[in-house]
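Subject: Structure handover

Hello,

Here is the structure I promised to pass on. Please open it next to this email and follow along.

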Amino acid sequence: MAKAKKKSDFISSGLVAQNRRAHFDYLIEEKFVAGLQLLGTEVKSLRLGHANINDAFGVEHDGEIFMANMFIAEYANKGYSSHAEKRERKLLLKKKEIIDIINALARKGATLVALRLFFDNRGRAKLEVGLGRGKKNYDKRESIKNRELDRKIRLKDF
């Protein structure tokens with residue numbers, strides 16, 4: 001029999017998932033924090049920390065922004081209803097932010113990437129997305145070189 005979850009195992013506020021490769025693969029120019037339109041079983045699954053946003057990206061349909069390829073595991077104690085694990089989820093943004101993102105996505109090479117998925121202080125699921133461009137290999141080598149240089153400087157100070 002499966003081990004029962006305690007109340008302390010649920011995430012009420014704080015980080016649920018993070019995309020660590022986003023800053024390595026993309027040059028993030030601008031960040032937005034958006035709400036998510038979720039179903040009840042998705043929220044319960046997020047509270048257990050069952051999410052993956054590493055492959056998530058933003059798409060535009062009819063003047064609205066959606067996150068595609070975002071994985072939220074199926075809730076184990078579901079009743080008669082459940083949700084699709086990799087469905088497109090609507091981002092809840094202000095109209096000006098939506099217009100800015102749509103205009104930026106129209107440029108060549110621009111991508112909307114998920115950075116962090118978290119619960120705010122009021123218990124609402126939020127997604128931090130970044131508007132960026134893909135890095136070339138020489139940009140990645142430059143990032144690695146700068147990171148190692150900073151590490152050497154920090155170690156020299158101690």
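How many aromatic pairs does the count come to? Zero, by the rule used here. Keep in mind that this is a predicted model.

Rings do turn up in another kind of contact, though. Arg-47 lies over the face of Phe-119, at 4.2 Å from the ring centre. The charged end of Arg-116 is placed over the ring of Phe-118, 4.6 Å from its centre.

Now the overall layout. The protein chain has four helices and nine strands. Starting at the N terminus, their order is β-α-β-α-β-β-β-β-β-α-β-β-α. The C-alpha atoms fill a box of roughly 55 × 50 × 25 Å along the principal axes. Of the 158 residues, 35% count as buried. Take the contacts with a separation of 6 or more: 68% of them join residues 24 or more positions apart.

Next, the inside. The largest nonpolar core has 28 residues. Leu-46, Ile-53, Leu-91, Leu-93, Leu-117 and Leu-127 have the most contacts inside this core. Elements giving two or more residues to the core include β1 (14-18), β2 (26-36) and α3 (95-106). Look at Ile-53: beyond four places in sequence, its contacts include Ala-17, Met-70, Leu-117 and Leu-127.

Last, find Glu-128 in strand β9. Is Glu-128 buried or exposed? Glu-128 counts as buried, because its relative accessibility is 12% and the cut-off for buried is under 20%. Among the residues Glu-128 touches are Lys-31, Arg-116 and Phe-118. That Arg-116 is the one over the ring of Phe-118.

Best wishes

Technical notes:
Residues are numbered from 1 along each chain as its sequence is written. This is a predicted model: local features need pLDDT of at least 70, side-chain atom pairs count only at pLDDT 80 or more; totals for chains, interfaces and linings use all residues. Side-chain values use heavy atoms; hydrogens and water are left out. A nonpolar core is a set of buried Ala, Val, Leu, Ile, Met, Phe, Trp, Tyr and Cys residues joined through side-chain atoms within 4.5 Å. Buried means under 20% relative accessible area, exposed over 50%, partly exposed in between (1.4 Å probe, protein chains only). Contact means heavy atoms within 4.5 Å. Rings of Phe, Tyr and Trp (its six-membered ring) pair if their centres lie within 6.5 Å; planes under 30 degrees apart count as stacked, over 60 as edge-to-face and the rest as tilted. A charge sits over a ring if NZ of Lys or CZ of Arg is within 6 Å of the ring centre and within 35 degrees of the ring normal.
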